[in-house]
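Me: I would like to learn how to read a strand and a helix contact in a model. Can we start with a strand?

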Amino acid sequence: MNRDSLPPAVAFPPKHLLVAVDFSPCSAGASRVALRLARIFGAKISFVHVLAPVAEDPEVVLNWGDFPARRRAVAEARLQQWSAEQAAGMLARTVVLEGRPCACLLELAAATESALLLAGRRGWTSGLDGERLGSRVLRLLRHAGCPVWVADEDEPGVDEPQKALLLATDYSPAAEVAVPVAVTLAEVLGVRLIVANAQEAMALPGQREYTRHEAEIEARREQAAAELEVWRADRLGVLMDSAAESLEGTPARALCRAAARLQVGLIVLASRGRTNWLQALLGGTAERVAGHAPCAVLVVPAAAESAEE
């Protein structure tokens, strides 16, 4: 199976970039990513801010007079200012919604053709102080039917150098949906694409088990590396700058360590892989990578038929 025989399960490149804005530094990072992608793909940008419900009791809202209207007007003005600062020189739409933040964003994304949803990894309202991945972002990852880009505050600007991409695979059909997305991004950004697969951890030199089974362990490592190289050549061929990294250990930890060691700027992976039915909403690896990676993470939703396999 080569790259040309892999039909994308999601619409990519995106036509619409929906940036979730809570005015935090990570929202600014997501905005810079959107600006870069908009210039590359000619996509439209929408900066979206969601106002949580003022109150559930309509009598309370009534007694507050014009407060809801004034609150919305302030939010709209602030978002307009944000758009002018973050997307200077580009036409961008601003959208202020009212309701449950995740529900509003998911509904908007579902109603938007060829959407890519961008959100900051942390925000002013992410929950406990120091929380690495806000619960709202987790819900977006679990339920979005479009790709979700989890951005950091240090995302590079439009004209700054881009870093390599790391594509994670476990060889499952569900994981294949991330391949064309990663290939497209690597090609348009002009960066190296590194494919990675994590195997079960094996003993290291100096350990008793390694001393007793050195030949077998090294043979397994060589086989894992060879299998990944075959997969890389089959999917990517020789038409682009790419490499293969065979990793060992818990997949999420191995991917995060590799991302730090290789200094990549983005990890691309599918929302589901070889997971059981208890993890049907989101593969555990994708969730943990999105929460702990030292770089941005792009989670691509698996096709329904792939997820059932």
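**Strand and helix contacts**

Reply: In this predicted model, both faces of β10 are covered: Ala296, Leu298 and Val300 on one side are buried, and so are Val297 and Val299 on the other.

Me: Which strand runs antiparallel to β10, and how many bridges join the two?

Reply: The antiparallel strand is β5, residues 148–151, joined to β10 by three bridges. Within this pairing, Trp149 has Leu298 as its bridge partner.

Me: In which sense do β9 and β10 pair?

Reply: Strand β9, residues 266–270, pairs with β10 in the parallel sense, over five bridges. Here Val268 has Leu298 as its bridge partner.

Me: Now the helices. At what angle do the axes of α1 and α6 cross?

Reply: The axes of α1, residues 25–41, and α6, residues 178–189, cross at roughly 85° and come within 11 Å. Angles of 65 to 115 degrees count as roughly perpendicular, which means that α1 is roughly perpendicular to α6.

Me: Which residues make the contact?

Reply: From α1 come Arg36, Leu37, Ile40 and Phe41, and from α6 come Thr184, Leu185, Val188 and Leu189.

Me: How do the residues of this contact divide into nonpolar, polar and charged?

Reply: Six residues of the contact of α1 with α6 are nonpolar, one is polar and one is charged.

Methods
Residues are numbered from 1 along each chain as its sequence is written. This is a predicted model: local features need pLDDT of at least 70, side-chain atom pairs count only at pLDDT 80 or more; totals for chains, interfaces and linings use all residues. Side-chain values use heavy atoms; hydrogens and water are left out. Buried means under 20% relative accessible area, exposed over 50%, partly exposed in between (1.4 Å probe, protein chains only). Helices (H or I, at least four residues) and strands (E, at least two) are DSSP runs, numbered from the N terminus. Two strands pair if DSSP finds at least two bridges between them. Axes are lines fitted to C-alpha atoms, for helices over the stretch in contact, and angles run from 0 to 180 degrees between N-to-C directions. Angles under 35 degrees count as roughly parallel, over 145 as roughly antiparallel, 65 to 115 as roughly perpendicular and the rest as oblique. Contact means heavy atoms within 4.5 Å. Ala, Val, Leu, Ile, Met, Phe, Trp, Tyr, Cys and Pro count as nonpolar, Asp, Glu, Lys and Arg as charged, and the others, Gly among them, as polar.
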